[in-house]
Amino acid sequence: MLVANRGEIAVRIISTLKKLSINSVAVYSDDDADSMHCRVADEARPLGYGSLKDTYLNIQKIIDVALDAGADAIHPGYGFLSENADFAEACKANNLIFVGPDAEAMRLMGDKIRARQFAIDNDIPVVWGLVGSLEEIEAQAAALPYPVLIKASAGGGGKGMHIVEDASQLHSSLVQASREAERYFGNGQIFIEQYIRNPRHIEVQVLADHHGNVIHLYERECSVQRRYQKIIEESPSPTLTEERRLAICETAVDLCKKMNYNNAGTVEFIVDENQNFYFLEMNTRIQVEHPVTEQRTGIDIVEEQIRIARGKVMGYTQDSIVANGHAIECRIYAEDPENNFMPAPADITLYHEPKMRGVRIDSSIDRPTSISDSYDPMISKLICHGKTRESAIEITRNALKDYIVQTDKTNIPYLRSIIDNDDFINNKIDTSYCEKHQDELMRSMLNMRDDVKKEDVVALFLFYDFNKKYLENKAIDNVWEEVGYWRYNMNVDVEVLSQRTTDNRQQSSVFHVQIERITRKSLHCTINGQDYEVLLSQNGGKINKVIINGMTESIFVSETSDNNYCVHLKGLDFICRRTDELNDSRDYSYKEDKNNDLEYRSPMPGKVIKVNVKEGDDVKEGDVLCVVEAMKMENNIKAMTAAKVAKVFVGEGDKVDVKNILIELSL
Ligand code: ADP
């Protein structure tokens, strides 16, 4: 089977193919060659270079690749060609099974006006609406039940919708919406609907086979949206009464039966404050949020899709569906909630998924990589399943805190703020929740950051910074790193940058650190006058456990592309950098001239500011022989063994570089 998609959904589909012993063929555009979906597939085939039209949206190319690979079937995932009826037909014409419904069902439901009419004809409730040319709609301007919503017939992804509050705005909004519809969807046809205030978005997952069996897998509530796009979905809906739940699910099944639908699909409804529901649209494909249903029902929806596409009877009857507990999905995006959710494609320098019971992650990545600006910036989906909504929230809270995605911006802190927000917890949500709570959520993100002691961040950063080669198991190429930095009274300055504040300023604070002792396994220092002790308790490369002033913490540190460091603590990322250094040349390697126990060189070019010994002195291990100031940092040159001072080559004030021997000892 060829998977005509990329990212997390391609990975997700391939995992079911593996389970079913079906060979998988991934396809990729040039910039995706190293992507996870290519790595996990049995084979990966290129779609070449260029825009989406030349790659993931190129029907002919994908069909050719499928035939060339000897595929029998194509799974389109979501987005891209998944709701393209021409693609489904092209598959059929080439004897390839399209894992999805018939082209006719896709055409019907892909056109919001036709879908609406079909619903009306079949007694499925819809909100009041008006279809017609711009002139026909404008002729009714005075009589419309404001507020109304202008929608594009071919619309999707929440794009091109306009709320019109009164008749005076109608003309300009119609013109703009129609123009946008033409631009985004290649079809300027629009229509208007009554705008339901404070609605909820509730949808029903359905499965239908070619043998007349149609079942539902219950509903999902997706009212937490930003820009009409879902970011948190849950199942069951915490809103519906049992009676309404049954009614909405049966209505969805009814619609599918009336249209002879087959394969998986989602029937979307808008639900008003009195739990009246109205058909919005049907998505004729697997949806982003399908895992919440899978976690509750234990059903692999992709497996059922394949079974149905093969013409088999689906594996379940309505009576056999048992939904357990509560599941919540959070969509993890590389985007900036503080800047109108602007996509923030960038390098991911550290990626670590939370490991705990009840957590499923459908991810597009499994290692540091970069998020391309050519595609949707969704990184992954976190799905948490608990016995009750309360426990699912609790698991989500903990998992978000342990989810480390070090990059420029992610929405993880924003999602954490929602999960902690009383109105979310108490299900006081409607589709404008994010908008209404914007200030509150921004404040809570700021408070979360304020609550983290930056001194802890600084101590963790320094411990890592000095020991990173050891921690990351890299070749250690100088004796200082070999023995650890046994130096005393080193003064360093560390700047901690906080993320942008609500008024869009980047805040930073500088911490003065006096390091008393650093070894591979410990750091003793004072930060702004307060004592800090960091002890390594578990060495795991970029992810280490340490005990900081008696409290165990994990440290996750990565180097950013601009040579700063990103430190993760208590679920948040902080950018740190040494400001006592001129640049990043703090690599104490002087490869040709290795130090040994008896010859001491400077770790870097600098100036001798103190010589503590003279020829003939006896020294013991750890004694400071001399002090070299380099990069605005005092470096204590210490005896690594008990010995006698054989020769002192330098005096105070001498400039030295890494080649100069400073002091020689003899045994
Ligand atoms: P798209 O296909 O672009 O996703 P939908 O019709 O599915 O558009 O609607 C997306 C979202 O827009 C819904 O989840 C809801 O938040 C909002 N919406 C759509 N129709 C209405 C309406 N009539 N009244 C209020 N909100 C609506």
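Modeller: Here is a walk that begins at the ligand and then moves out to the rest of the chain. Keep in mind that this is a predicted model.

Let's start with the neighbours. The ligand is surrounded by 21 residues, and the closest are Lys-112, Gly-158, His-201, Gln-225 and Glu-281. Sorted by class, that shell holds 8 nonpolar, 8 polar and 5 charged residues.

In the side chain of Lys-112, an N or O atom is 2.5 Å from an oxygen atom of the ligand. His-201 also takes part: one of its polar side-chain atoms lies 2.6 Å from a ligand oxygen. For Glu-268, a polar side-chain atom is found 3.1 Å from an oxygen atom of the ligand. How much of the ligand does the protein bury? Taken alone, the ligand exposes 550 Å², and the protein buries 96% of that.

Which elements give two or more residues to this shell? They are strand 7, strand 9 (190-194), strand 13 and strand 14 (277-283).

Take strand 13, which covers residues 263-271 and includes Asn-263. The backbone of Asn-263 has a phi near 80°, a positive value in a residue that is not glycine. Is Asn-263 buried or exposed? Asn-263 is buried, because its relative accessible area is 0%, and the cut-off for buried is under 20%.

Then there is strand 7 (148-152), with a loop between helix 7 (134-139) and this strand, and Pro-147 lies in that loop. The peptide bond leading from Tyr-146 into Pro-147 is cis, with omega near -5°. Another cis bond joins Ser-235 and Pro-236, where omega is about 0°. Pro-236 is also in a loop, the one between strand 12 (229-235) and helix 9 (242-258).

While we're on backbone details, look at Phe-80. Its phi is near 35°, again a positive value in a residue other than glycine. You'll find Phe-80 in the loop between strand 4 (73-75) and helix 4 (85-93). Phe-80 has a relative accessible area of 26%, so it counts as partly exposed.

For another piece of strand pairing, go to strand 22 (residues 378-386). Of its 9 residues, 8 are buried, so the rest of the structure largely encloses this strand. Strand 15 (residues 326-333) pairs with strand 22 in the antiparallel sense over 8 bridges, and Ala-327 stands opposite His-385 of strand 22. Strand 20 (residues 359-363) is antiparallel to strand 22 too, with 5 bridges between them. Here Val-359 faces Cys-384 in strand 22.

Since a cysteine has turned up, how many disulfides does the structure hold? The count is 0. Cys-91, for instance, is in no disulfide, and the nearest cysteine sulfur, in Cys-38, is 19 Å away. Cys-91 is also buried, with a relative accessible area of 0%. What about Cys-249? The closest cysteine sulfur to its own belongs to Cys-256 and is 11 Å away, which is too far for a bond, because a disulfide needs the two sulfur atoms within 2.5 Å. Cys-249 counts as buried as well, at 1% relative accessibility.

Finally, step back to the whole chain. There are 18 helices and 39 strands in it. The C-alpha trace spans about 105 × 55 × 45 Å along its principal axes. Of the 667 residues in the chain, 56% are buried.

Definitions and conventions:
Residues numbered from 1 in each chain as written. Predicted model: local features only at pLDDT ≥ 70, side-chain atom pairs only at ≥ 80, totals over all residues. Heavy atoms only, no water. Helix = DSSP H or I, 4+ residues; strand = E, 2+ residues; numbered from the N terminus. Buried < 20%, exposed > 50% of the residue type's maximum accessible area, 1.4 Å probe, protein only. Pairing = 2+ DSSP bridges. Near = heavy atom within 4 Å. Polar contact = N/O pair within 3.5 Å; in protein donor to acceptor, adjacent residues only side chain to side chain. Areas by Shrake-Rupley, 256 points an atom, 1.4 Å probe, with all protein chains shown as cover. Nonpolar A, V, L, I, M, F, W, Y, C, P; charged D, E, K, R; others polar.
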